[in-house]
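Trainee: I would like a close look at one part of this model. Please take it step by step.

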Amino acid sequence: MHLWTDLDQVPPGFGPSVVTIGNFDGVHRGHAEVLGRIVSLARESGSQAVAVTFHPHPATVHRPEQAPELLTGIADRMELLEATGLDAVLLVEYTLDFAQQTPEEFVRTYLVEGLGARTVVVGHDVRFGRDNAGNLATMIELGRTHGFEVRAIDDVGTVASVAVDAGVPSGRWSSTEIRGLLTDGKVREAAALLGRHHRLRGVVIHGDARGRELGFPTANLGAISGMVPADGVYAGWLRRPQLLAAAPGNCDGVLPAAISIGTNPTFDGVERRVEAYVLDRTDLDLYDEEVVLEFVEHLRPTLRFDGIDALVETMHDDVARARAILASGAGAAAPDLDVAQAEAGE
């Protein structure tokens with residue numbers, strides 16, 4: 001997949017293309033379904049499948065106090081978009097100057113002249129251009145002017161009863177819904193909407209070494225990208241992208257872990273931290289390495305213990321539960337639920 005961060009990087013004469021526009025935060029199941037349709041349309045017509053997306057999130061620029069916490073960082077968003085089969089992504093830097101374009105200027109500059117759009121796929125509630133003046137009717141009219149077809153995509157699927165039984169709220173499945181679940185620590189339910197386990201990416205930094213002293217050496221994450229779930233202890237996986245890229249079959253590339261999020265209240269901590277103990281391993285040196293944490297199941301909330309012995313006993317229990325969950329196969333993939341209603345560009 002080509003990743004362009006400026007129109008100047010798009011090869012001259014690129015196209016014809018099938019283009020869609022959106023933030024695609026989390027690249028959840030609804031996004032994947034919509035993007036899959038775009039890829040199919042492109043293959044049928046001999047075109048290139050392209051997504052136009054933005055960084056930072058437009059809300060961060062226009063109303064930073066109300067901007068949502070993003071589910072995924074740029075690296076993970078691009079990796080997940082590539083997995084949908086797209087031929088290219090144009091990642092636009094969203095600024096106040098960019099936002100001042102009229103709907104016609106945006107469409108002509110980016111979609112027509114830049115990407116050679118022959119088909120533009122948008123949701124019924126699409127808004128674009130200065131002051132969000134452009135809507136679906138505007139896009140259709142601009143398509144007539146500039147010679148591209150507009151396809152308005154409906155919400156995807158229906159809410160399955162199995163999703164409700166699993167604790168996933170009914171209604172429109174969206175990035176907003178997933179953020180709410182993660183805020184409550186419901187990582188299993190979030191996985192049902194994402195179509196995968198929620199992930200964080202960060203660089204392993206030095207901590208207090210307290211975990212090592214207790215017999216549970218942890219990898220402390222810094223420079224974290226992705227939405228951090230609620231405080232608590234989770235079963236999950238620690239992935240090592242650099243190692244996997246160099247040696248895809250390396251058994252140390254994906255490791256079972258117990259993940260802790262919180263301030264270490266037993267030790268009167270004040271800084272919120274994300275740290276992972278790789279089960280039954282004390283020999284790993286992960287310092288300065290970028291790793292990805294994947295959250296499978298919430299085990300318990302963060303607790304304050306009266307003493308070290310009670311803490312260590314509970315940590316042993318956490319590890320045993322995490323080991324059982326991950327060994328059972330429950331953590332191998334996200335729950336295979338039906339795709340529910342999705343907002344194509346959220």
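Trainee: Which residues in α5 meet which residues in α6?

Mentor: A word on the model first. It is predicted: local features need pLDDT of at least 70, side-chain atom pairs count only at pLDDT 80 or more, and totals for chains, interfaces and linings use all residues. Residues are numbered from 1 along each chain as its sequence is written, and side-chain values use heavy atoms, with hydrogens and water left out.

Now your pair. From α5 come Pro103, Glu104, Val107, Arg108, Leu111 and Val112. Their partners in α6 are Thr138, Met139, Leu142 and His146. To meet here is to be in contact (heavy atoms within 4.5 Å). By type, this contact has six nonpolar residues, two polar and two charged. The classes are simple: Ala, Val, Leu, Ile, Met, Phe, Trp, Tyr, Cys and Pro are nonpolar, Asp, Glu, Lys and Arg are charged, and the others, Gly among them, are polar.

Look at the spacing along α5. An α-helix has 3.6 residues a turn, so residues three or four places apart point the same way.

Next, the geometry. Two packed helices are described by the angle between their axes and the distance between the axes. Helix α5 covers residues 103-114, and helix α6 covers residues 136-146. Their axes cross at roughly 55° and come within 11 Å. An axis is a line fitted to C-alpha atoms, for helices over the stretch in contact, and angles run from 0 to 180 degrees between N-to-C directions. α5 and α6 are therefore oblique to each other. The scale is this: under 35 degrees is roughly parallel, over 145 roughly antiparallel, 65 to 115 roughly perpendicular, and the rest oblique. The crossing of α5 and α6 is right-handed. That term applies if the near helix is turned clockwise from the far one by less than a right angle; anticlockwise gives left-handed.

Stay on the way into α6 for a moment. Asp131 sits in the loop between β5 (117-123) and α6. Asp131 is not a glycine, yet its phi is positive, about 60°. Its relative accessibility is 74%, so Asp131 counts as exposed. The cut-offs are: buried under 20% relative accessible area, exposed over 50%, partly exposed in between (1.4 Å probe, protein chains only). Asp280 also has a positive phi without being a glycine, about 65°. Asp280 lies in the loop between β11 (273-278) and β12 (290-300). With 51% relative accessibility, Asp280 counts as exposed.

Now set another helix pair beside yours. Helix α8 (residues 175-183) and helix α9 (residues 187-194) pack at about 165°, with axes 8 Å apart. That makes α8 and α9 roughly antiparallel to each other. Here the crossing is left-handed. On the α8 side are Glu177, Ile178, Leu181 and Leu182. They meet Val187, Glu189, Ala190, Leu193 and Leu194 in α9. This contact has seven nonpolar residues, no polar ones and two charged.

Step back to the whole chain. The protein chain has 12 helices and 12 strands. Helices (H or I, at least four residues) and strands (E, at least two) are DSSP runs, numbered from the N terminus. Of its 346 residues, 49% count as buried.

In α1, the buried ones include Val34, Leu35, Ile38 and Val39. Helix α1 has 17 residues (29-45), so at 1.5 Å a residue it should span 24 Å; its end C-alpha atoms are 25 Å apart, which agrees. That expected span is 1.5 Å times one less than the number of residues. Just past α1, Gly46 has a positive phi of about 70°. In α3, Asp76, Arg77, Met78, Leu80 and Leu81 are buried. The buried residues of α3 pack against several elements, among them α1, β3 (48-55) and β4 (88-93). Just past α3, Gly85 has a positive phi of about 100°.

Last, two prolines with cis peptide bonds. Gly15 and Pro16 are joined by one, with omega about -5°. Pro16 is in the loop between β1 and β2 (17-21). His55 to Pro56 is also cis, with omega near -5°. Pro56 is in the loop between β3 and α2.
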